Protein chains: 2
Amino acid sequence: MGEIARKTGAFIPVKTRRAFEEICDQIRGEIQAGNLVPGDRLPSERDLAEQFQVSRSTVREAFRTLEISGVVTLHKGSKGGAVLQRGDNQPITQTMHDLLMLGSISLQDFTEARVCIQKEIIELACERATDEDYDAIEQNIARTSEISLADRLEERTELTIEFYSLLARASKNSAMAILMSAITEPLRDYLRRLGPDRSWNVAESRLKFLGHLRRRDKDAAVAEMVAHMTRLHAFMIGKIES
Amino acid sequence: MGEIARKTGAFIPVKTRRAFEEICDQIRGEIQAGNLVPGDRLPSERDLAEQFQVSRSTVREAFRTLEISGVVTLHKGSKGGAVLQRGDNQPITQTMHDLLMLGSISLQDFTEARVCIQKEIIELACERATDEDYDAIEQNIARTSEISLADRLEERTELTIEFYSLLARASKNSAMAILMSAITEPLRDYLRRLGPDRSWNVAESRLKFLGHLRRRDKDAAVAEMVAHMTRLHAFMIGKIES
DNA sequence: AAACCCTAATGATCAGACCAATGAACAATA
DNA sequence: TATTGTTCATTGGTCTGATCATTAGGGTTT
């Protein structure tokens, strides 16, 4: 038997494409080409199965994939079907959450990243925030104050998430807002599990922060935020280890 | 007929949970509880169908969902099955790409977000980058120089993506590295479609940038990067509109 | 040993069925 | 007439049960 030809060099590993992936790509291709736009409705699973010459379950897996990716939403019933969305950041926040749970990101790195993102958001917001933005944030803080710490932990958590969302909106940059949600929403679980931190007044810190923001004092706002984050991080680390 | 009882107040809209979602949640719950860790192998579709008292196709949709989310990978054959991953940022970059394609994020916002993220990455890298990091980046730039602009667009694009990835790695923060990839990888498509920009020397700019980084001169590095981004953005806008 | 073959396990796909929700057209009613 | 209830076709969600292709491991032959 002859020698194995080694000099042929690097063969690329063969990767079999699954049928549903091909379907996803074709649909994404139509989106990229501009033939499909948000609001459009794809043909039904049964129709597409015929068009693609595959079984319904295969189309189904493609639909499911696109749904999880936030590209379409699926509606039952007559006039239902797969409707193209404008996109959704849920997949991003979900993945971020998974990465935390799976230990691929440490809480340390996560917190640091939050600080980084918020520094930039604050910088943008200081330039662009409108009075409406400030008022919305102020209302959010007011509602946070109203809610007692003991009960209504759920609402309090939601208000915290909303606070950061409003701040992100004030940056007037949708991409940064999405990154902000990616780095904020996973907090929900921690806040729920660890309970409230009664050792200091969150609303007070946020009000001070808002004041700096209103004065467009970037550095002071960042400093207040960093202080806030540091305390929160210490609280979380302490809770988790105990 | 009596009055409609309006004072009952806010009924919460009923949302029916689909079976596969429940399965996903249970599996994610086990991960969160620490009963499942990366490397573990889930039971086969057939087994889980029995355990969950659902059909195989339902388990399959759950598996597909977790696969798309980067939580597991599916392997065929004996000893195959769903294996828990350490997580994957592919879902994040894919979603970011979708959001761009669907017009949910403007190229303007996207570029600005890139600048924001990279500012923070540079700041971290200036503090923490090691000689190995610098050398890896330098090698990357060297290879970029070698490749002629005309041919090998593909490789050139990959090297560009790798450049940002190496930079992110130098920040020593995995969360920021993931955000960086989210905001960098979607570029691949643009670079491929628009072709190379021959009007200025990319490698030269990157070398200058690396010099600033080595001297840990944060401000200069950021300035060089911003200049680079500005030119690239102008190039992309020009190409797209023409 | 090394190459080959067989087999069980497992995801990928297929085919066909029924269920549940949805909305629109239509009928019944006040 | 305006509202309410009914019917019906459409469509995703799920089920059942089957075949195929790939994979790893064990056994057999060379």
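This is a predicted model: local features need pLDDT of at least 70, side-chain atom pairs count only at pLDDT 80 or more; totals for chains, interfaces and linings use all residues.
Student: What makes up the secondary structure of chain A?

Tutor: Chain A has 11 helices and two strands. From the N terminus on, the order is α-α-α-β-β-α-α-α-α-α-α-α-α.

Student: How much of chain A is buried?

Tutor: Buried residues make up 49% of its 242 residues. As for the accessible surface of chain A, it comes to about 12400 Å², and carbon and sulfur atoms hold 51% of that.

Student: Which residues have the most contacts inside the largest nonpolar core?

Tutor: They are A:Met96, A:Ile122, A:Leu213, B:Met96, B:Ile122 and B:Leu213, in a core of 132 residues. Take B:Met96: leaving out residues up to four places away in sequence, B:Met96 touches residues of chain A, including A:Ile92 and A:Leu179, and residues of chain B, including B:Phe110 and B:Pro186.

Student: What makes helix 9 of chain B "mostly covered"?

Tutor: Count its residues: six of the eight in helix 9 (residues 187–194) are buried. Among them are B:Arg188, B:Asp189 and B:Tyr190. The buried residues of this helix pack against helix 1 (19–32) of chain A, and also against several helices of chain B, including helix 5 (107–128) and helix 11 (218–241). Just after helix 9 of chain B comes B:Gly195, with a positive phi of about 80°.

Student: What is phi of A:Lys79, and where does A:Lys79 lie?

Tutor: Phi of A:Lys79 is near 60°, a positive value in a residue other than glycine. Most residues other than glycine have a negative phi. A:Lys79 lies in the loop between strand 1 (72–75) and strand 2 (81–84) of chain A.

Student: Why is A:Lys79 called exposed?

Tutor: Exposed means over 50% relative accessible area. A:Lys79 has 71%, so it is exposed.

Student: And why does A:Lys172 count as partly exposed?

Tutor: A:Lys172 is at 38%, so it counts as partly exposed. A:Lys172 also has a positive phi, about 60°, although it is not a glycine. Its place is the loop between helix 7 (153–170) and helix 8 (174–184) of chain A.

Student: How do you know whether B:Ser171 is buried or exposed?

Tutor: Its relative accessible area is 0%, and the cut-off is under 20%, so B:Ser171 is buried. B:Ser171 lies in the loop between helix 7 and helix 8 of chain B. Not counting residues up to four places away in sequence, B:Ser171 touches B:Ile121, B:Leu124, B:Ala125, B:Arg128 and B:Met176.

Student: What about B:Arg143: buried, partly exposed or exposed?

Tutor: Its relative accessible area is 37%, between the 20% and 50% cut-offs, so B:Arg143 is partly exposed. B:Arg143 sits in helix 6 (residues 131–146) of chain B.

Student: Which residues is B:Arg143 in contact with?

Tutor: Leaving aside neighbours within four places in sequence, B:Arg143 is in contact with B:Leu159 and B:Glu162. Contact means heavy atoms within 4.5 Å. From C-alpha to C-alpha, B:Arg143 and B:Glu155 are 9.7 Å apart in space, and 12 residues apart in sequence.

Technical notes:
Residues are numbered from 1 along each chain as its sequence is written. Chains are lettered from A and ligands numbered from 1 in the order in which they are written. Side-chain values use heavy atoms; hydrogens and water are left out. Helices (H or I, at least four residues) and strands (E, at least two) are DSSP runs, numbered from the N terminus. Buried means under 20% relative accessible area, exposed over 50%, partly exposed in between (1.4 Å probe, protein chains only). Accessible areas come from the Shrake-Rupley method with a 1.4 Å probe; for residues, only the protein chains shown count as cover. A nonpolar core is a set of buried Ala, Val, Leu, Ile, Met, Phe, Trp, Tyr and Cys residues joined through side-chain atoms within 4.5 Å.
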